[in-house]
Amino acid sequence: MIWTPDADQPPSPDTGGRRGRKPAPISRDAGPSHRAWLEPVRSFVFSSGLTLSDLVDRSGYSKTRISELLRGNGYYPAWEITFSVIRALGLPVPPVRRLWTAAAREAHKQPSWIEQCIQQVALQPETPPLAHQAFTEAMRTPYTEYARAFLLTDHRANWVVAETFDILWLCWSHAATSCDIRRYAWDLLRSRVMARASHRDGGPDLRAAIFSTTEAHDTDPGQFLVRTELVDLFAAIAQLPSDQMDVAVLHHLCGVSLDKIPYIIGLSPAITHAVDHHARATLEDLLRSPATGSESKSP
């Protein structure tokens, strides 16, 4: 299992003998970047069996302060208390610090405040596990292509992929013991992309991705019909179930060979080909439906 932006349960196996109560739900005011580090930290707290009193003893901060941090309540937490909690849990510091910094910007904290917070804590060098480094090098390009299809710019795509890899490092002990680390990481990437993608009619809005295609840049007036058909196609792809949409985006929008997709998304070749077959059939049905065309052309 992998945690998702809406998940409260940790991704690790049950650890019998837990003490204390699970933290209250995360505040609705916590933004996507704040949740990016807070959700896995909460999962580690819950799966560790540590109580709030244990964290007080290990971090030196009060129950009130730690409770507010774990709920994402009140003011955005300073790096010093965040660092104290993650060290109490034995978590790697560099990925959390980067995630914390991005969330501080999201919370409109001044650069001077962020820098001052970071300077108050002396850090020891830490490097990701070698397996994590090898995995990120192998997956960076296809992950970025997928993210760009939904987020449109290189900057946003690169940022979300970097965020995904930082969370993966933070959760590496869970990921490494999962049934398939590729599937674990892919589900994580998808959750981060969808948390920031534009949505329409209950699904991600892929219409703007049309303008990154060769056909869309063709100035031939005769290409207008092609662009109109692309609107319908991209709208239909966005309505597919998650696995079908992922395969369609990677294969048809990003140009990834169907034989390489199983290695990227963590499905077997047989299942991937079956998913692609079902996706094609579903797209044909959706494109034949008048509703799809009318919805994709609506303002």
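Of the contacts in the chain with a separation of 6 or more, 68% are accounted for by residues 24 or more positions apart, where contact means heavy atoms within 4.5 Å. This is a predicted model, in which local features need pLDDT of at least 70 and side-chain atom pairs count only at pLDDT 80 or more, while totals for chains, interfaces and linings use all residues. Residues are numbered from 1 along each chain as its sequence is written, and side-chain values use heavy atoms, with hydrogens and water left out.

The chain has 16 helices and two strands, taken as DSSP runs numbered from the N terminus (helices are H or I with at least four residues, strands are E with at least two). Buried residues make up 48% of the 299 residues; buried means under 20% relative accessible area, exposed over 50%, and partly exposed in between, with a 1.4 Å probe and protein chains only.

In soluble globular proteins, nonpolar side chains tend to be buried together.

| Helix pair | Angle between axes | Axis separation |
|---|---|---|
| Helix 2 and helix 3 | about 110° | 9 Å |
| Helix 7 and helix 13 | roughly 100° | within 10 Å |
| Helix 10 and helix 13 | about 85° | 13 Å |

Angles under 35 degrees count as roughly parallel, over 145 as roughly antiparallel, 65 to 115 as roughly perpendicular and the rest as oblique. Helix 7 and helix 13 are therefore roughly perpendicular to each other. Their contact is made by Pro142, Tyr146, Ala149 and Phe150 of helix 7 together with Met245, Asp246, Val249, Leu250 and Leu253 of helix 13. By class, this contact of helix 7 with helix 13 has eight nonpolar, no polar and one charged residues, where Ala, Val, Leu, Ile, Met, Phe, Trp, Tyr, Cys and Pro count as nonpolar, Asp, Glu, Lys and Arg as charged, and the others, Gly among them, as polar.

Helix 10 (residues 181–196) and helix 13 (residues 242–253) are likewise roughly perpendicular. Here Arg183, Trp186, Arg190 and Met194 of helix 10 meet Ser242, Asp243, Met245, Asp246 and Leu250 of helix 13, and the contact has four nonpolar, one polar and four charged residues. Not counting residues up to four places away in sequence, Tyr146 touches residues including Trp186, Arg190, Met194, Met245, Asp246 and Leu250.

Helix 2 and helix 3 are also roughly perpendicular to each other. The residues in contact are Leu52, Ser53, Leu55, Val56 and Ser59 of helix 2 and Lys63, Ile66, Ser67 and Leu70 of helix 3; by class they are five nonpolar, three polar and one charged.

In helix 3 (residues 63–71), Ile66, Leu69 and Leu70 are buried. Seen down the helix axis, these buried residues fall within an arc of 95°, so they line one face of helix 3; the arc is that of the directions from the axis to the C-beta atoms. They pack against helix 1 (32–48), helix 2 (52–59) and helix 4. Just after helix 3, Gly72 takes a positive phi of about 70°.

Leu89, in the loop between helix 4 (79–88) and helix 5 (93–106), counts as buried at 17% relative accessibility. Leaving aside neighbours within four places in sequence, Leu89 is in contact with Val41, Phe44, Val45, Ser48, Leu50 and Leu55. The C-alpha atoms of Leu89 and Ser48 are separated by 7.9 Å, although the two residues are 41 apart along the chain.

**Residues at and around helix 7**

Thr144 lies in helix 7 (residues 130–151) and counts as buried at 8% relative accessibility. Beyond its neighbours within four places in sequence, Thr144 is in contact with Ala157, Asn158 and Val161.

Most residues other than glycine have a negative phi. Leu152, in the loop between helix 7 and helix 8 (154–170), has a positive phi near 80° and counts as partly exposed at 41% relative accessibility. His108, in the loop between helix 5 and helix 6 (111–119), also has a positive phi, near 65°, and is exposed, with a relative accessible area of 69%.

Conventions. Axes are lines fitted to C-alpha atoms, for helices over the stretch in contact, and angles run from 0 to 180 degrees between N-to-C directions.
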